[in-house]
Amino acid sequence: MATLRGGFRALPWANQLLAYQRASWKCASCKVAGSAAFRSARRYTTTSEGASSKPYYVTTPIFYVNAAPHVGHLYSMVIADVLKRWRTLLGDNNVQLLTGTDEHGMKIQQAASAAGMDTQAFCDMNCKTFQDLAKAAEVDYNHFIRTTDPAHKEAVQYFWEMLQHRGYIYTAKHEGWYSVSDETFYPQSQVHLSLDPATGEKRMVSIETGKEVEWSSETNYHFRLSAFQDRLLELYKTGFIAPSHYRHSVVKAVSSGLSDLSISRPAERLTWGISVPGDNTQTIYVWLDALVNYLTKAGYPFPPGEGARLGWPADVHVVGKDIVRFHCVYWPAFLMALDLPLPRNVLVHGHWTMNREKMSKSTGNVVNPFFAIDRFGVDVMRFFLTYQGGFTSDADYDNAHIIRDYRKYLQQGIGNAAHRSIGCAGGNLRTYIVNATAGNSPATPEDQAYQSMLEQLPTKVEEHMEKLNPRDALQDIVRATLKTTKYFHNSAPWKDPEQRQRVLFNMAEAMRITGILLQPFMPNKAKEVLDLFRVDTSKRNFSAARYASDPDYGEGVEKKILFPPLLVEE
Ligand code: MSP
């Protein structure tokens, strides 16, 4: 193994950046903005050009290209996209969403070789399916990163050199159990012998994931993770990990002690990766490589003082619960080592299961997301995944549940309310809107109670979104639409022309307000609702979701079936 080097390659900004970081450094954890700061971020500071000084920056995990995407991957993408679109709805016109593919590592190397393909060609082929999925799911990403991109390789090598320069990397012999599937080492205490039901053979597996591990004994580079225990524990006191449900187990694991982390593999074992700068006998550990993708997109290494303008730190990293350790322990520790600002939130979601077992390629119980989108439509899939997917618990996937929810919440909810109110207005919906906004429609106590529910809805939804909880936000919107059909039914506006005035105005307001709020979740259906009610495109942002705030819509509204019967077999 070559000795460690302190020198830099001639990368732009290298020495200036180092000087800048030294001069400006404050305790990194002091720079972390917790949920309170996230909340206040709603009042954007916009420059004269109309752009926020720092883009709001959301990321998905980058997806391994060893296999085709499944519905679990789609879920991570949709949640991140909903967060982006929500922020845009609030009026922020400088929002960045990053997604992409994780293409290095033993797992990809082995998958390409098993497919008998050149590794880069294999990555190109599978990366394309993730790009296709993002398009099919209407994920409005700004950049699709690949870890095989040359700019990313440069960023990773630079990141490594900075860690090395600051004395956080050393060489040592490493022994442990490595799981190729999880791309991680496990200590002895975290593996056990298990019987493989398929072969009847005993094999060592990770206790946490059940994935097979192999013994490895090698000399490689280590990162001084143990030096960051106290600062990590401080960090967890902020709103860094959302929901807080996951904080406890992370705090427990970090409190019990952190071992230094092996961050390279001998090149004779792992060729498919980024070489350690100055030592091509070693390849950089795939997770160090992968995590840096979030910085690469923001233009790392940053020109001095430019990090925030370019987007760093990320506002939200969306991740599944299986990759919490990498994002909540390793990633902030790497960043702390370089005094880089820390991401504001890591938003953790649960898993999609099939028959209560995690949907995963290695188990084979996966749902092809392209088939699901073709079958049910992109908005219905986005709706179902967001509505039923869990943050603190897992959710079981079943086509019958999608059909049930479609009928119960979409057809009988907003679809029915739109249809019936337009029908009852008999082509005069606009007149009801004009009369009510002119103050000519008296309201009964029932109308007032319903109106107050509509008035509160945007704030309730906003509060959930500020807590990074799109599921509860969507559930509140759906509850409001169900209350709307009940209100219509109980008020029986078709019987009494006097009462019809207020009820039909409230119904129109319900469609307009829920249509606006649904845009981040179901962009196409929400547009259909707003088009149907002739809501001007300039009045579809969050501030327009206020009750009675738009006197101008509703001209020439005609009946339309928003949620037709599904052409599917059950
Ligand atoms: N490549 C790493 C992430 C690196 S991020 C710097 C990885 N890739 S993955 O393809 O295995 O998983 C990508 C995302 O999909 C993760 O957030 C993971 O939790 C999520 N899911 C994978 N299977 C899932 C389910 N069955 N259900 C929900 N999400 C799941 O990990």
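A polar contact is a pair of N or O atoms within 3.5 Å; within protein, one must be able to donate a hydrogen and the other to accept it, and residues adjacent in sequence count only if both atoms are side-chain atoms. This is a predicted model, in which local features need pLDDT of at least 70, side-chain atom pairs count only at pLDDT 80 or more, and totals for chains, interfaces and linings use all residues. Residues are numbered from 1 along each chain as its sequence is written, and side-chain values use heavy atoms, with hydrogens and water left out.

Start at the ligand. An N or O atom in the side chain of Ser76 sits 3.3 Å from an oxygen atom of the ligand. Asp102 places a polar side-chain atom 2.7 Å from a ligand nitrogen. Met359 uses its backbone: a polar atom there is 2.8 Å from a nitrogen atom of the ligand. The protein covers 96% of the 650 Å² of accessible area that the ligand has on its own (Shrake-Rupley method, 1.4 Å probe; for residues, only the protein chains shown count as cover).

Now the shell. There are 25 residues around the ligand, each with a heavy atom within 4 Å of it. Ile62, Asp102, Asp322, Trp352 and Met359 come nearest. The shell divides into 12 nonpolar, 10 polar and 3 charged residues. Here Ala, Val, Leu, Ile, Met, Phe, Trp, Tyr, Cys and Pro count as nonpolar, Asp, Glu, Lys and Arg as charged, and the others, Gly among them, as polar. Strand 1 gives the most to this shell, with 4 residues. Helices (H or I, at least four residues) and strands (E, at least two) are DSSP runs, numbered from the N terminus.

Next, a helix pair. Helix 17 (residues 445-466) packs with helix 18 (residues 470-491) at about 170°, and their axes are 8 Å apart. Axes are lines fitted to C-alpha atoms, for helices over the stretch in contact, and angles run from 0 to 180 degrees between N-to-C directions. The angle therefore makes helix 17 roughly antiparallel to helix 18 (over 145 degrees).

Finally, the backbone. Ala242 and Pro243 are joined by a cis peptide bond, with omega about -10°. Pro243 is in the loop between strand 9 (241-242) and helix 8 (247-255). Another cis peptide bond joins Trp312 and Pro313, with omega about 5°. Pro313 lies in the loop between helix 11 (307-310) and strand 14.

How values were computed:
Parallel < 35°, antiparallel > 145°, perpendicular 65-115°, else oblique.
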